[in-house]
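Thanks for coming. I have a few minutes on one structure, so please look at the sequence and the model as I put them up.

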Amino acid sequence: MLKKYDFDDIDDRYDNFKRSNLGEEIDKLQRIVQRLKIPVLILVDGWESSGKGDIINDLTRELDPRYVKVELFDSRSDVDYLHPSVWRIWQKLPSHEEVVVFDQSFYSQVMNKDERSSDKLKQRTEELLNLEHMLLDDGTIVIKFFLHIKEKTQSKNIEALEDSKFRQFLLSDNDYKQNKNYEEYLEWFDKVLKKTDVPESPWNIINAEDRKLAAKTVLGITLEEITSGIERVTLARERADKSDRKYYIEDTQLDEFDLSKTISDKEYDKELEILQKEAADLVYDCYTKDVAIITAFEGVDAAGKGGAIQRLTRHIDPRSYTIHGIKAPTDLENSYHYLWRFWTKFPKDGDMAIFDRSWYGRVLVERIEGFASESEWERAYDEINHTEKVLTDHGSIVMKFFMYIDEDEQKERFEDRQEEPDKNYKITEDDWRNRSQWDEYIAAYEEMLDRTHTANAPWYIIATNQKKFARIDVLKHFINHIKEHLSELPES
């Protein structure tokens, strides 16, 4: 892409246009995508001192500033390093009403910061391309630009910036480093661009030798790609529910699962506090080793998630964990990709997050109640597996508990809640309505367990017909999982 680039083959399609006129046309499209709730993400990357700031100014000048954001992807902050590399990207993605421009793309980390090894390149590009595909599938228009200049041009640009009163903001060590090692960077950039060039969001290599012409070219291509993107997204929305989906589970787990497991009161009292203190000690070990813990609780209504969480956290320092009770998404949360509200809650290294309900709502309640289209919840299995792999590749612990009771036990608990004044708030008309959809939910649970149980982020099915057994079982799995993870860490 870059190594064979011909600077003499100039793209002058937009040379006779005024930048302001092109910007005004993009402004018209901005209003259309806003009305259609189509997010637009524009990545402007390239050589240092190639004029990215000037291009971004021209790109955004005519747009409604209320719905445009420019995000700088330069060096990662200390907080960024305490999360997976894609965490900071999720914080800055466009809502369904916004155009967001990244000054340096989220690929800049690979281009300029990461070690240049095949393994690191493979891991990072897989993470980023999966994220990119998630955004595209969700209806985001993604446009990617790389500003290309010659070595001599970069050198001249650096000299000009050295005379600027803003040189401390406009120049960095990376400008000089790239210019000094131009050929080495050229080869590496070429490799990264080839790895991340995909049909749905290709890299547009922009000749930035002439900045004015480069700006016109970027504006013109942006017009083209937003126009074609609107067509792609609207067609995809029309086709969203036109499928003949079939999924067969060879070995179902819940039908044969033993729910009769119990523990005596004596054994419960003997084991509970010992296990709780061991769990607390292990959470502290994870804190000292900068290991994040992410625990998700899903299950049948009235299966005892709250009680299990309460016993799990009994002796854990409350400063080290946060419990997220996940309810229906707010209007703000609905204006982003469905995983956005969870990425904003995932813990930094050393902390723990407990989710009472989780991202699995996409393939459970949103599937059953029709809040997500079939194509949306069908692709969510792979999206969730990818998300959990990113978390565990970073070194985080991810474990998931499915709390399971039978239909008769659920009915008894519902009736008890209705009769006890201090538990009335726990039972609603929706609970009884969901109960009438028992078979549909069981089928969704079975598919969730079958498709998202992985070695790195396993499901633990907990028999909860007896609450005391369930609470002890959760603690045991929690402890064993963390012990196994810590035993595999390299010695410091």
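This is a predicted model: local features need pLDDT of at least 70, side-chain atom pairs count only at pLDDT 80 or more; totals for chains, interfaces and linings use all residues.

Aromatic pairs to begin with. A pair of aromatic rings is described by the distance of the centres and the angle of the planes. In this model the count comes to 27 aromatic pairs. One of them joins Trp-359 and Tyr-360, with 6.2 Å from centre to centre and 40° between the planes. Because a pair is called stacked under 30 degrees and edge-to-face over 60, with the rest tilted, this one is tilted. Trp-359 and Tyr-360 are both buried.

Another pair is made by Phe-402 and Tyr-404, and that pair is tilted as well, at 5.9 Å between centres and 35° between planes. Here too, both Phe-402 and Tyr-404 are buried.

Trp-359 and Tyr-360 also belong to an aromatic cluster.

Next, the charges. Which ring lies under Lys-92? It is the ring of Phe-73, with Lys-92 over its face at 4.8 Å from the ring centre. Arg-451 has its charged end over the ring of Tyr-247, 4.6 Å from the centre.

Last, the surface. Phe-166, Phe-169 and Leu-170 make a nonpolar surface patch of about 350 Å². Leu-170 is in helix α8, which covers residues 167–170. Is Leu-170 buried, partly exposed or exposed? Its relative accessibility is 43%, so Leu-170 counts as partly exposed.

Key. Residues are numbered from 1 along each chain as its sequence is written. Side-chain values use heavy atoms; hydrogens and water are left out. Rings of Phe, Tyr and Trp (its six-membered ring) pair if their centres lie within 6.5 Å; planes under 30 degrees apart count as stacked, over 60 as edge-to-face and the rest as tilted. Buried means under 20% relative accessible area, exposed over 50%, partly exposed in between (1.4 Å probe, protein chains only). A charge sits over a ring if NZ of Lys or CZ of Arg is within 6 Å of the ring centre and within 35 degrees of the ring normal. Patches are made of residues with over 30% relative accessible area and no salt bridge: like charges are joined within 9 Å, nonpolar side chains (Val, Leu, Ile, Met, Phe, Trp, Tyr) within 5 Å. Accessible areas come from the Shrake-Rupley method with a 1.4 Å probe; for residues, only the protein chains shown count as cover. A salt bridge is a side-chain nitrogen of Lys or Arg within 4 Å of a carboxyl oxygen of Asp or Glu. Helices (H or I, at least four residues) and strands (E, at least two) are DSSP runs, numbered from the N terminus.
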